[in-house]
Amino acid sequence: MSLKAIVKSVISGDTLVLRGRTGPQGQSPKERILHLADVVAPRMGNQTREDEPWAFESRDFLRALTVGKEVSFTSTHSFPSNDDVTRDFGTADIGGMDVASEMLKNGWAKVKESKRDPTEDDIRKRDIEAEAKAAGKGLWNSHGPQARAVHQTMPTDSQAFVSEWKGKFIDALVEQVRDGSTLRVRLFMPDGEHQMVNIALAGVRCARASPKQGEPSEPWAEEAKFFTESRLLQRPVRVIILSLPTATATPFQTGANNAPPPPASIFIGTVLHPAGNVAEHLVTAGLARVVDWHAGMLAAGGGMERLRACEKVAKEKRACLYANVPTASASTTQSNGTANGNVRVFDGTVIRVWSGDQISVIDKESGKERRLQLSSTKGPKLSDPKQAYYAQEAREFLRKKLIGKHVKVMIDFIRPRDGEYEERECATVRYGNQNSNVAEQLVEKGLASVVRHRRDDEDRSSDYDKLMAAEQAAVAETRGIHSGKEQPAVKPSVNISESGARATTFVNGFKRQGKVSAIVDYVASGSRFKLFLPKDNQSLTLVLNGIRAPRTARNPSERSEPFGQEAADFATRRYMQRDVEFEVDTVDKSGGFIGTLWLKSENVAISLVKEGLASVHSFSADGLSWSTQLYAAEAEAKQAQQNLWENYDEEAEKAAQVPPAENDPGRLKSEYLDVIISDVRAENGLSFSVQILNTEGIATLEKLMRDFSLHHRVAHPAPSNFVPKAGDLVSAKFSDGSWYRARIRRASPIKKEAEVTFIDYGNQDSVSFSNLRPLDPKFRSLPGQAQDARLSFIRLVASESEYHADAVQRFRQLCEGRKLVANIDYKEGAMLHLRLIDPNDPVATQDPLACINADLLREGLASIDRKGCKYLGAYPHIMSKLQIAVAEAKRDRAGMFEFGDVEEDE
């Protein structure tokens, strides 16, 4: 009885593997082997034996004739088998054509020798064989078979083979299907050799089919195997070798072991049939899953995008492997929905880079700060010495690319709280005109790795395949964390604000440089910043000059001043991690540098004042070249009643200003000057001389003194008739042996000496006539640079007091020879009444009324001078400050209050 079957494959030129049709439930059909009766063909080789002559050509003819086609066959007899596959001897025909006769006709088989008497059919077959032999067909070709090498095992040097043939099309024949995505193929090499290789289909993985009878396969494995077999087995295809089966290299793995890798047992590649890429068809049918880490191999030709599209179709149909796939989460289905009350897609500005994979973004619409984790991305850890270098590189890469820049954010999913890890929004962040994914760039440079998600984990980056492709590129080029190089340990920056003494040594250098480039590393408060100088690997604290911002709580037990937190938040959002420039004016006692900070052309102090988050600190502001802008900004903030000035009432402020009494001198407008105390005199009450710095006169004096010194190197005897008189300007030789300009106070012709005042320094001395010369006219044009002065508002304890010497000594310690800031509160002829301020005192940078005058009161070494200072009523706010200082001195029994609450008689 004749049966019908499909030819699955051909073993040799005389043996077919037949299969039935698929079962009603899609079951794989049963197979049987049919040996063509009365003919014999050469046997194909294997790993233990070579091909017999003409074996491949004979089998290939029968393959092309029958594989995939329906045949009618008759079994003459069967014989037992060791497995479940039936083995028959018989005949087969295709469309009425006898297959054995066709093989004999084309010379690819011989009639088998038989001891029985020949039948009519035997005679017919021998006649066909004779005709083929006479024509020299097939096996009977007189030139013999083509010589070729057939390599039954994988190439010994797998890496070299892949490097040579990667990305190239190679004609091939599928010899075996092990499971739906694993094939054994015969490559037809250009030199005529045949190379057998195992191929794993790139981008997909099917369930594993059991290689042994009786062992169960994974679900859908047999269906996937049959799907591929029925389409590819013993069909001509084109193969593209893509890679060895190694996943991404382990980051930070050093290349200590340089031994060559063992030969690979399989290659990863693409198998192309004229009908298309079988991998895509497998995924569409739900018989294969997409392999994430193959994304890099398939990125160039868009292969991964096509596989993802097929995967989407299979999931929608819930086909086979995807029958129980969970419904897509809200994070993947609602691209523009909400998460925890926040929109999922928004525009914003990056204000902070926390690490190589975390940033903070201000939502443009809501103004809310959102801390984001880059989806499916893992940056190096700063705490790990091996990773620290790359952790800093990754953070700096993100800072340069993103800080202060506009970005588009899409929340891919929300990572739930897990132990010590807080809930975190995971997002894809794009920037620039090209909408570049910053995570992809980070991974491509080898500054981050890609998280391996579970197969069924849909919470991943929307650009996950591109991230995988970027990582493979980084691995291939051995960039960054994949380089295998051990980078030197990261050196901590040197804190030059560690102490006042240390900071002082850097002040002059910064002043010479002018504006210095830096990065804002931390914002401590609205007006206090920690700056990092990458060029020198130094860090410092910068306090903004000219302003006072409200203080921020330093720990939970403290309370911030009103608007202190708002000022710190404003400064953080606007300046944190930005490239800035700063200029140093001076340094305070704690080591903080006092100066100006710029973001491009924006003066940070002015911006804070304009926002109403800082007030002008008059004594330090008035000496600044941009003080006018500062006061204008404050006036603008007051007018708008912003923040600090929310309750500002201009009329009330005017009313609060107490007018001076009728007999009191008027209050002078604040006039802050940089001065040096050049001479201190304790006779008849404390007075002193000051030089006013940063003026044209001081610059001219320096040049004059150089010329003056050169002038007196040559001896200039005094005229014979020279007798100095009171008021004369002279050249006088001081005790240090140098000549200075001086004025005669009084002269004694009998003693031949005169009392003089050195007009540029204020000190006095007695000089003999022999050390006096008339002052050359060319040195007379510049007025004397020393000005007489006294302390405003206060007087030191009387000279008869036991505390007088301590008071004078303390004043000298605080002031003599030092650069200070002075405000002129009153002018008494040529005498200046000064309020002295130490610019290095951190209290003075915060309190505009802090001064050395009040410090002397607080130490019990001075009292308020109500008789000598008639202008006290014009300064009620300062008087309040001074009275508080006196009260503190009495409380602490300081100085003259040591033995009780008794002040000097006023």
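Arg 399 is buried, at 6% relative accessibility (buried means under 20% relative accessible area, exposed over 50%, and partly exposed in between, with a 1.4 Å probe and protein chains only). This is a predicted model, in which local features need pLDDT of at least 70 and side-chain atom pairs count only at pLDDT 80 or more, while totals for chains, interfaces and linings use all residues. Residues are numbered from 1 along each chain as its sequence is written, and side-chain values use heavy atoms, with hydrogens and water left out.

**Salt bridges**

- Side chains of opposite charge can pair when their charged atoms come close.
- The whole structure holds 44 salt bridges (a salt bridge is a side-chain nitrogen of Lys or Arg within 4 Å of a carboxyl oxygen of Asp or Glu).
- Arg 399 forms one of them with Glu 396, at 2.9 Å from N to O.
- Both Arg 399 and Glu 396 belong to helix H10 (residues 388-402), where they sit three residues apart, about one turn of the helix (helices, H or I with at least four residues, and strands, E with at least two, are DSSP runs numbered from the N terminus).
- An α-helix has 3.6 residues a turn, so residues three or four places apart point the same way.
- Glu 396 is partly exposed, at 26% relative accessibility.
- Asp 38 and Arg 116 form a salt bridge of 3.3 Å, N to O.
- This pair links distant parts of the chain, 78 residues apart: Asp 38 is in the loop between strands E3 (31-36) and E4 (39-40), and Arg 116 is in the loop between strand E8 (110-111) and helix H3 (120-135).
- Asp 38 is partly exposed at 22%, and Arg 116 is partly exposed at 41%.
- Asp 171 and Arg 238 form a salt bridge of 3.8 Å, N to O.
- Here too the pair links distant parts of the chain, with Asp 171 in strand E10 (residues 169-179) and Arg 238 in strand E14 (residues 236-243), 67 residues apart.
- Asp 171 is partly exposed, with a relative accessible area of 44%, and Arg 238 is partly exposed, with 41%.

**Helix H8**

- Helix H8 (residues 303-317) has 15 residues and reaches 21 Å from its first C-alpha to its last, close to the 21 Å expected at 1.5 Å a residue (the expected span is 1.5 Å times one less than the number of residues).
- Its buried residues are Gly 303, Met 304, Leu 307, Arg 308, Cys 310, Glu 311 and Ala 314.
- The buried residues of H8 pack against strand E13 (204-206), helix H6 (278-284), strand E17 (288-290), helix H7 (295-298) and helix H12 (464-476) (contact means heavy atoms within 4.5 Å).

**Positive phi angles**

- Arg 318 is in the loop between H8 and helix H9 (330-333), and is partly exposed at 38% relative accessibility.
- Gln 577 is not a glycine, yet has a positive phi of about 65 degrees.
- Gln 577 lies in the loop between helix H14 (564-575) and strand E33 (579-587), and is buried, with a relative accessible area of 2%.
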